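Welcome! Please take a moment to look over the sequence and the 3D view, and then read on for a short tour by topic.

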Amino acid sequence: MSAALSNTKIMNRADLTCRLVAKLKHEEAVIGGIGNTNFDLWAAGPRPQNFYMLGSMGLACPIALGVALAQPQRPVFALEGDGSLLMQLGCLTTIATLAPKNLAIIVMDNGIYQITGSQPTPARHADIVAIAAGCGIAASHWAADEEDFERLVDAALATAGPVLIAARIDDKPGVGATRRDPAQIRERFMQGLGVRQPI
Amino acid sequence: MATEADAARSASTPGWHDIILRSFKRNEIGLVPYVPDRVLTPLIQGLHDDPFFTTFATAREEEAVGILTGAWMGGRRGALLMQTSGFATLPNVLASLVVPCQIPLIMVVSERGTLGEFNYGQSLVCRTMRPVLDALAMEHHTMTRLDELEFTVDRSIKQAVATQAPVALILSPLLTGGKVFA
Ligand SMILES: Cc1ncc(C[n+]2csc(CCOP(=O)(O)OP(=O)(O)O)c2C)c(N)n1
């Protein structure tokens with residue numbers, strides 16, 4: 001487990017993802033990262049504004065940044081695992097520098113690579129919120145519990161970003177099974193963003 | 001959309017970088033992340049000087065591919081600038097994201113490692129580039145001549161968008177002068 005505040009509650013990814021999705025009423029875009037973050041996003045129910053990233057570990061945040069730059073009026077969320085974020089930490093500096101107002105990153109921190117056999121990540125002594133703040137994302141916060149997570153999501157929707165919310169989570173696997181059809185996932189997403197019309 | 005920067009450039013004979021910039025503009029390629037290469041400096045500078053472009057450095061080339069993928073899906077076109085070593089970091093993201101999701105990723109690669117390279121490591125890295133492109137059946141062109149450059153860049157961008165397929169535009173030292181042993 002990364003070095004979060006000691007009074008931070010251990011929550012559950014699927015539960016937090018449902019809480020997030022329940023708050024999305026204005027076609028906000030959500031990018032699910034590799035494995036469990038997109039499985040739980042899938043399980044939270046179909047939304048045309050969801051993009052399920054299947055195989056490119058660490059790229060949920062960069063993809064979300066690209067969507068945010070293309071559509072500055074649309075709020076965009078990235079859902080990323082702690083192991084995945086570690087693989088692409090540099091992207092936090094890019095996000096801090098470009099400072100898109102409409103981007104929020106949610107890091108599901110279980111301290112392990114759950115999906116590959118729950119091996120601990122090398123970030124045992126690291127604090128993801130401190131890393132993000134150190135990269136220049138000033139609005140970086142640990143969610144103390146589920147209510148605090150919801151409050152932070154409300155704040156992300158109401159105030160200018162970029163924002164990073166980190167949540168300590170348990171070691172449970174994701175609950176959904178995303179359909180592995182990358183071209184269809186991409187096309188549906190583009191339709192959901194109003195870029196394409198169905199043929 | 002002509003700007004002051006365009007007017008300033010057209011005063012002298014256009015160089016390879018002017019031609020690429022112009023082709024980008026004509027094809028609405030406005031978002032240009034990069035990891036720099038010495039040879040690319042005049043192109044990068046030209047992009048920074050022109051308000052039409054949103055251009056910025058990323059920490060890794062892979063990250064820039066993610067950004068351009070998201071931007072494409074959101075309706076905004078872009079291109080990635082890098083050197084040969086940068087391309088060598090990309091097979092995973094090309095094979096796992098760009099090709100299966102049918103993203104028309106435009107890559108401009110400054111070719112290091114050949115025609116007078118002085119760094120043995122660079123020359124070996126360079127030899128991995130075309131085999132990777134061929135293994136993924138990706139379109140690529142090596143640009144050696146100024147008089148063919150505009151046609152190649154312009155048509156390649158249009159084809160990438162029309163066919164939803166990536167393309168690599170390799171800038172040979174024959175075109176750019178490359179980097180010489182100091
Ligand atoms: C470049 C790369 N290295 C390794 C893998 C294998 N891999 C897939 S998911 C994963 C772990 C992801 O960990 P995290 O983001 O923390 O999510 P969790 O599984 O804990 O929910 C790994 C190592 C991969 N897909 N790509």
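Let's begin with one residue, Thr121(A): apart from its neighbours within four places in sequence, Thr121(A) is in contact with Asp82(A), Gly83(A), Leu86(A), Gly111(A), Ile112(A) and Tyr113(A). Keep in mind that this is a predicted model.

- You will find Thr121(A) in the loop between strand E6 (119–120) and H6 of chain A.
- Is Thr121(A) buried or exposed? Thr121(A) counts as buried because its relative accessibility is 4%, and buried means under 20%.
- A polar atom of the Thr121(A) side chain lies 3.1 Å from the backbone nitrogen of Ala123(A).

**A contrasting residue in helix H6 of chain A**

- Gly134(A) is part of helix H6 of chain A, which covers residues 128–135.
- Gly134(A) has a relative accessible area of 67%, so this residue is exposed, the cut-off being over 50%.
- Between the C-alpha atoms of Gly134(A) and Gln191(A) there are 37 Å, and the two residues are 57 residues apart along the chain.

**Around the ligand**

- How many residues surround the ligand? There are 15, and the closest are Asn36(A), Gly83(A), Ser84(A), Ile112(A) and Gln114(A).
- Gly83(A) has a backbone N or O atom 2.8 Å from an oxygen atom of the ligand.
- For Gln114(A), a polar backbone atom is 2.8 Å from an oxygen atom of the ligand.
- Ile115(A) also places a backbone N or O atom by the ligand, 2.9 Å from an oxygen atom.

**Salt bridges**

- Side chains of opposite charge can pair when their charged atoms come close.
- Over all chains, the structure holds 21 salt bridges.
- One of them joins Glu146(A) to Lys9(A), with the closest N and O atoms 2.8 Å apart. This pair links distant parts of the chain, 137 residues apart: Glu146(A) is in helix H7 (residues 146–158) of chain A, and Lys9(A) is in the segment before helix H1 (13–22) of chain A.
- Glu146(A) is buried at a relative accessible area of 10%, whereas Lys9(A) is partly exposed at 40% relative accessibility.
- Asp40(A) and Arg13(A) form another salt bridge, their closest N and O atoms being 3.1 Å apart. Asp40(A) sits in helix H2 (residues 36–43) of chain A and Arg13(A) in helix H1 of chain A, 27 residues apart. Both Asp40(A) and Arg13(A) are buried.
- In chain B, Glu111(B) pairs with Arg130(B) in a salt bridge, with 2.9 Å between the closest N and O atoms.
- Glu111(B) is buried, with a relative accessible area of 8%, while Arg130(B) is partly exposed at 24% relative accessibility.
- A network of salt bridges links Asp15(A), Arg19(A), Lys23(A), Glu150(A) and Asp154(A).

**Where chain B meets chain A**

- The contact takes 25 residues from chain B and 26 residues from chain A.
- About 2,100 Å² is buried between chain B and chain A, and carbon and sulfur atoms give 65% of this area.
- Between chain B and chain A there are 0 salt bridges, but 8 residue pairs are in polar contact across the interface.
- On the side of chain B that touches chain A, the elements giving two or more residues are strand E2 (54–57), helix H4 (61–73) and helix H6 (91–98) of chain B. H4(B) gives the most, with 8 residues.
- The residues on that side of chain B divide into 13 nonpolar, 8 polar and 4 charged.

Terms used: Residues numbered from 1 in each chain as written. Chains lettered and ligands numbered in written order. Predicted model: local features only at pLDDT ≥ 70, side-chain atom pairs only at ≥ 80, totals over all residues. Heavy atoms only, no water. Contact = heavy atoms within 4.5 Å. Buried area = accessible area lost by both parts, 1.4 Å probe. Salt bridge = Lys/Arg side-chain N within 4 Å of Asp/Glu carboxyl O. Polar contact = N/O pair within 3.5 Å; in protein donor to acceptor, adjacent residues only side chain to side chain. Helix = DSSP H or I, 4+ residues; strand = E, 2+ residues; numbered from the N terminus. Nonpolar A, V, L, I, M, F, W, Y, C, P; charged D, E, K, R; others polar. Buried < 20%, exposed > 50% of the residue type's maximum accessible area, 1.4 Å probe, protein only. Near = heavy atom within 4 Å.
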